[in-house]
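I opened the structure to look up a few things for my notes. The entries below follow the order in which I checked them.

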Amino acid sequence: MRLLNNLQSGAFATISGIDAINVDQPLMQRLIALGFRVGKQIQVMRKANFNGPLHVRIGSTDIILRESEAKLIQVTE
């Protein structure tokens with residue numbers, strides 16, 4: 001199991017969990033509304049330098065995540 005922020009650009013993975021202990025409720029609701037659910041496939045489109053944001057795609061939805069948010073999402077390749 002890996003964290004989303006550790007994937008390279010172009011990598012595909014499947015969401016295996018979200019760290020519910022360290023995420024606040026509004027962020028958890030936002031992630032769920034955007035399609036971050038266990039079992040969904042995710043692709044890292046771009047990764048900014050110097051721990052910048054990640055551009056990810058779930059289905060046909062493109063999402064920009066902060067590095068701190070990406071660290072909360074567990075994935076399997």
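I took buried as under 20% relative accessible area, exposed as over 50%, and partly exposed as in between, using a 1.4 Å probe and protein chains only. This is a predicted model, so I noted that local features need pLDDT of at least 70 and side-chain atom pairs count only at pLDDT 80 or more, while totals for chains, interfaces and linings use all residues. Residues are numbered from 1 along each chain as its sequence is written, and side-chain values use heavy atoms, with hydrogens and water left out.

**Entry: the loop between strand 3 and strand 4**

For elements I used DSSP runs numbered from the N terminus: helices are H or I with at least four residues, strands are E with at least two. I looked up Asn51 and found it in the loop between strand 3 and strand 4. Asn51 counts as exposed because its relative accessible area is 63%. Its phi is near 60°, which is positive in a residue other than glycine. Phe50 lies in the loop between strand 3 and strand 4 as well. Phe50 has a positive phi too, about 55°, and is not a glycine. With a relative accessible area of 82%, Phe50 is exposed.

I then took the distance from Asn51 to Ser68: 9.1 Å from C-alpha to C-alpha, at a sequence separation of 17 residues. Ser68 belongs to helix 2 and is partly exposed, at 46% relative accessibility.

**Entry: salt bridges**

How many salt bridges does a search of the whole structure find? I got 4, counting a side-chain nitrogen of Lys or Arg within 4 Å of a carboxyl oxygen of Asp or Glu.

One of them joins Arg2 and Glu77, with 2.4 Å between the closest N and O atoms. This pair links distant parts of the chain, 75 residues apart: Arg2 is in strand 1 (residues 2–3), and Glu77 is in the segment after strand 6 (73–76). Arg2 is partly exposed at 34% relative accessibility, whereas Glu77 is exposed at 60%.

Another is formed by the side chains of Arg30 and Glu69, at 3.3 Å from N to O. Arg30 lies in helix 1 (residues 25–33) and Glu69 in helix 2 (residues 67–70), so this pair ties together parts 39 residues apart in sequence. I also found a salt bridge between Glu69 and Arg66, where the closest N and O atoms are 2.8 Å apart.

Arg30 is partly exposed at 34%, and Arg66 is exposed at 56%.

**Entry: the nonpolar core**

For a nonpolar core I used a set of buried Ala, Val, Leu, Ile, Met, Phe, Trp, Tyr and Cys residues joined through side-chain atoms within 4.5 Å. The largest one holds 22 residues, and Leu4, Phe36, Ile42, Val56, Leu65 and Ile73 touch the most other members. Two or more residues each come from strand 2 (12–18), helix 1, strand 3 (41–47), strand 4 (54–58), strand 5 (61–65) and strand 6. In soluble globular proteins, nonpolar side chains tend to be buried together.

I followed up Phe36, taking contact as heavy atoms within 4.5 Å. Leaving aside neighbours within four places in sequence, Phe36 is in contact with Ile15, Ile18, Leu31, Ile42, Val56, Ile58, Ile63, Leu65 and Ile73.
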